[in-house]
Amino acid sequence: MPLRCCAPGCSSNYSQSEQYVTVFRFPKDDWLELWKRKISREDLIIIANTRIYVKHFEEHYIKRTFEFVG
């Protein structure tokens, strides 16, 4: 079952007929409060499965690479 977007008015991943879309987890650091304010949904409760659709972000804010330093 795909995880759904919590943004107001967004129906991403709610329909069985649509292609599934990429969603992000909420941050657990200082960015969390900013994300909550930007979503501006009064009834929003962040739990482990709360997600937001990638298309709600401008491309230059998305880091698409991962670098392992070990």
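**Figure 1. Burial and overall layout of the chain.** Of the 70 residues in the chain, 26% are buried. The model shown is predicted. The chain has 1 helix and 2 strands, and from the N terminus on these elements run β-α-β. Its C-alpha atoms fill a box of roughly 40 × 30 × 25 Å along the principal axes. Among the contacts with a separation of 6 or more, 55% join residues 24 or more positions apart.

**Figure 2. The aromatic pair of F24 and F57.** The structure holds 3 aromatic pairs. F24 and F57 form an edge-to-face pair, with 5.2 Å from centre to centre and 75° between the planes. F24 lies in strand β1 (residues 23-25) and F57 in the segment after β2 (51-53), so this pair ties together parts that are 33 residues apart in sequence. F24 is partly exposed, at a relative accessible area of 24%. F57 is also partly exposed, at 23%.

**Figure 3. The aromatic pair of W35 and F57.** W35 and F57 form a tilted pair, with 5.1 Å from centre to centre and 55° between the planes. W35 belongs to helix α1 (residues 31-39), while F57 is in the segment after β2, so the pair ties together parts that are 22 residues apart in sequence. W35 has a relative accessibility of 19% and counts as buried, because buried means under 20%.

**Figure 4. The aromatic cluster.** F24, F26, W35 and F57 are linked into a cluster by ring pairs.

Technical notes. Residues numbered from 1 in each chain as written. Predicted model: local features only at pLDDT ≥ 70, side-chain atom pairs only at ≥ 80, totals over all residues. Heavy atoms only, no water. Helix = DSSP H or I, 4+ residues; strand = E, 2+ residues; numbered from the N terminus. Buried < 20%, exposed > 50% of the residue type's maximum accessible area, 1.4 Å probe, protein only. Contact = heavy atoms within 4.5 Å. Phe/Tyr/Trp six-rings, centres within 6.5 Å; stacked < 30°, edge-to-face > 60°.
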